[in-house]
Amino acid sequence: MRRRTAIGVLAASLAGAALPHAALASVPTPYDWTASPPFDDRQAFIDWMVKNRGEDPGYLGERYDRFLQLIAHHDVWDTRNKRAFLMVPRERFVTAPNLTRAYQVHYLDIGFGVTITGPHSVARMTNSIDVQKGERVLEIGTGSGYQSAYLSNLTDQVYSIEIIKPLFERTGGVYADLIAEGYTEYKAIQRQNADGYYGWADAAPFDKIIVTCGIDHVPPDLLKQLKPNGLMVIPIGPPGAQHVLKITKRTDTAGAVTVTRSDIYGGAIVNFVPFTKLEGDKIVGTHSG
Ligand SMILES: C[S@@+](CC[C@H](N)C(=O)[O-])C[C@H]1O[C@@H](n2cnc3c(N)ncnc32)[C@H](O)[C@@H]1O
């Protein structure tokens, strides 16, 4: 039995809402950074999550099956990232019409012309920047909130910027509901409705930056706000031909900055929604030339 009732799903679907705002079951056990569900047995994983997180066994089974696919495709490889993927209820970040597809491989429509990134890309991009606990991470493109939720299981310092105001507000409601239920790790996520091209100067510098919209160059302010030896992952290229690059910023003793790039998909094209531009309070075009 899924936790959302048919009436709840229908109502949310009609309203175009992400999730019903009524509080659902509470998380039975307080969040513990040292606690992890078992990785190597489907039923043991489901039992642990039901006991400690109070989640639905049906979705947990789907999450575990996707987890095995992530491992098989080398999209997740370290223990902390495996735990992060398994701890996040992706079904709470998709829109009601997509609930049955929450754990499918593809990105999904979340309204406003944008998407929740597919689970394989979220895992590979996040694992590539090797986030350590205590590191400060900036995400550009909060969207559904799923990526930041994943990050909040890796570090307690997550900053995320979303350009679409009503989406920013809706995702705020999703987090508020989840925090009220006991997903206290999401309290670490600080959010802003702004144009992420300019980064978040007041919170900089960042150890890691993850960009979830595509652009044809690295935004200069993002590079500036990255710490020396910091890592950024960003989809770069023209629409339809983007490569997800890992950028390493190095600063020598004289202060000269150099940048190295590697393609985390070995040359394969992976497309993202465009990195759009805010003029006043209107989204006008993109930051690509
Ligand atoms: C692929 S989608 C969402 C991915 C998101 N991380 C998730 O898990 O749902 C990319 C997001 O980037 C946002 N975006 C595009 N341009 C932006 C900008 N200049 N500043 C901030 N967010 C931007 C879009 O509105 C969209 O929500």
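Trainee: How many residues surround the ligand, and which are the closest?

Mentor: A residue is near a molecule or strand if its C-beta atom, placed from the backbone, lies within 6 Å of it. Here 24 residues surround the ligand, and the closest are Gly141, Gly143, Ser144, Gln147 and Gly196. The shell divides into 13 nonpolar, nine polar and two charged residues.

Trainee: What is the average pLDDT of the protein?

Mentor: pLDDT is the predictor's confidence in each residue, from 0 to 100. The protein averages 92, and 91% of the residues score at least 70. Over residues 1-24, however, the pLDDT is below 50. Where pLDDT is low, the predicted coordinates should not be read in detail.

Trainee: On to helix 7. Which of its residues are buried, and which are exposed?

Mentor: A residue is buried if 20 or more other C-beta atoms lie within 10 Å of its own, exposed if 12 or fewer, and partly exposed in between, with C-beta atoms placed from the backbone. In helix 7, the buried residues are Leu167, Phe168, Arg170, Thr171, Val174, Tyr175 and Leu178. They lie on the same side of helix 7 because they cover an arc of only 165° around the axis, the arc being that of the directions from the helix axis to the C-beta atoms. On the other side of helix 7, Pro166, Glu169 and Ala176 are exposed. Strand 4 and strand 5 (189-193) are among what covers the buried residues of helix 7, and just after this helix glycine 182 takes a positive phi of about 120°.

Trainee: How many residues of helix 5 are buried?

Mentor: Nine of the ten residues in helix 5 (residues 119-128) are buried, including Pro119, Val122 and Met125. Their cover includes helix 3, helix 4, helix 6, strand 6, strand 7 and strand 8 (243-251). After helix 5 comes aspartate 130, with a positive phi near 50°.

Trainee: Where else is phi positive in a residue other than glycine?

Mentor: Histidine 74 is exposed because it has 11 other C-beta atoms within 10 Å. Asparagine 229 has a phi near 70° and sits in strand 7 (residues 226-236). Asparagine 229 is exposed too, with 10 other C-beta atoms within 10 Å.

Trainee: Which residues does a cis peptide bond join?

Mentor: Alanine 204 and proline 205, with omega about 5°. You will find proline 205 in the loop between strand 5 and strand 6 (206-211).

Trainee: Is aspartate 221 exposed or partly exposed?

Mentor: Aspartate 221 counts as partly exposed, because it has 15 C-beta neighbours inside 10 Å. Aspartate 221 belongs to helix 8 (residues 220-224).

Notes: Residues numbered from 1 in each chain as written. Predicted model: local features only at pLDDT ≥ 70, side-chain atom pairs only at ≥ 80, totals over all residues. Nonpolar A, V, L, I, M, F, W, Y, C, P; charged D, E, K, R; others polar. Helix = DSSP H or I, 4+ residues; strand = E, 2+ residues; numbered from the N terminus. Contact = placed C-beta atoms within 7 Å.
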